[in-house]
Amino acid sequence: MNVAANLDQAALHFPDRTAVIEEDSSTSYLLFNQDANRIASALLRLGVEPGDHLGLCAPNSYPWLAFYFGVLKAGAVAATFSHLLTKEELYRTITDCAPRVLYTTPERLADVTELREAVGVRQVVCEDGDISFAALAEQGDPDFKTIDRHRDATAVILYTGGTTGVPKGAMLSHQNIQTSVFNVAHYERSSPEDRALCFLPLSHVFGQIHILGGTVLSGGSIVLLPSFDLDQVLETIQRHQVTKFFAVPTIYIRLLRVPDIGEKMRSVRYCFSAAASMAAEVVREWKAQTGLDIYESYGMTESATMVTYNHYYRHVIGSVGTPVNLVEVQIRDLEGNPLEQGLRGEICISGPNITKGYLNNPEETASAFWGEWFRSGDIGVMDEDGYLFIVDRLKDMIITGGENVYPREVEEVLYTRPEVLECAVVGLPDDEYGERVTAFIIQREGHQVNPSTLKDFLKARLAGFKVPKEFV
């Protein structure tokens, strides 16, 4: 098994169909596959062997895509991390994954050059580096055959925050990723006719596996942007007739401020949100303005994206849906005991999409599992129909005067107020209560936040200990 074979299949079935659109250029699946093949064979000529770690530290671009698939085709492991890391963060990450070859940009070359000897990077692929991407590709074979790997072999390493604040490298196997990209394509009803906009970072599980992986598996087109820019996103949607839109809640909130947003999103058939919980009121307002549902799933880096999906068939606002194919979900108490339906507890997951563990970190790996069940660190509850509702992050729970407060519950009520554009509820240190429930609010233009009015409103809908003592 090799997840890069999905690109082989797309090139076989749809050789002339557009695979990638970037600015004014477009690349067919045949050419995309040939470029990845060239990179794969050239990497092997550099001495790369199956199982070696190779790093990608660059913003979204077509060369990033070709290098990534080239790494996988060569049987190596793609360790991907943000190009926005500080020098210290970059050092820690590169030291952890020890890439033999690193693909980066001229903006990071000075940092990489200073670090490479200490961490053993042998080749830097970059303009003004050891070899440019174009020169590397010229050395390769366009007819290279993808190397087969065991389904449990690590395919990618994705970095995610740890409880200590130090990023952890989640090792995802070919089976982990293939399970998820199939589920994404299946549940989203993806087709070769789709054009999926990707401005989210490809170094992150959402962009890399959910958007990129799911689109390649289904033979659709990736419309690629380096990052989120509101005007550029809206222009790109209309110019390229984007059909699938992927974003995080904050972006949907920003788009709701745009006049005639429904008209600007007219080509879009499918909207999806992930990476953070979406307030139900935002989903309702988006539907009212655009006529489109915002579909959600629940997942994380360690699950290679999808764990649950909120369906086409019965879309329940406020829920993240039911478990996807081959994936099981249990709600457990903090001692690891399964709870009855309707009780809140930690969301635990088992399935072929779950990470092998964290690179070089057996302690964190051991603490993340109860047997074969991965501990998400999220608090959730299942309804009688099997729909999962996220209550909050376990670590975000506020303990005030001995009572547990889940910030999202308070935020959901605040979002129903017309004067609240965005909000976040946190616990601040308090000598009397231990933690003081505090609401940070961005007010909507033309409205004024009145703390007394909000307190009265919340007291009528929430227990007194949940009502923020302070509004900022």
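**View 1. Strand β7 contributes three residues to the lining of the second largest pocket, the most of any element.** Here we look into this pocket in a predicted model. The space inside comes to about 440 Å³. Altogether, 27 residues line the second largest pocket, and those nearest its centre are Phe81, Ser82, Pro201, Ser203 and His204. Two elements, α4 (87-97) and β7 (154-160), each supply two or more of the lining residues. By residue type, the lining of the second largest pocket holds 16 nonpolar residues, 10 polar ones and one charged one.

**View 2. Helices α3 and α8 cross at roughly 80°.** Helix α3 covers residues 62-73 and helix α8 covers residues 205-218, and their axes come within 13 Å.

**View 3. Helix α14 is mostly covered.** This helix runs over residues 407-414, and seven of its eight residues are buried. Which residues of α14 are buried? They are Pro407, Arg408, Val410, Glu411, Glu412, Val413 and Leu414.

Terms used. Residues numbered from 1 in each chain as written. Predicted model: local features only at pLDDT ≥ 70, side-chain atom pairs only at ≥ 80, totals over all residues. Heavy atoms only, no water. 1 Å grid on protein atoms, 1.4 Å probe; cavity = no way out; pocket = protein on both sides within 12 Å on 5 of 7 lines; lining within 4 Å. Points joined across faces, edges and corners; volume = space filled by probe spheres on them. Helix = DSSP H or I, 4+ residues; strand = E, 2+ residues; numbered from the N terminus. Nonpolar A, V, L, I, M, F, W, Y, C, P; charged D, E, K, R; others polar. Buried < 20%, exposed > 50% of the residue type's maximum accessible area, 1.4 Å probe, protein only. Axes fitted to C-alpha atoms, helices over the stretch in contact; angles between N-to-C directions.
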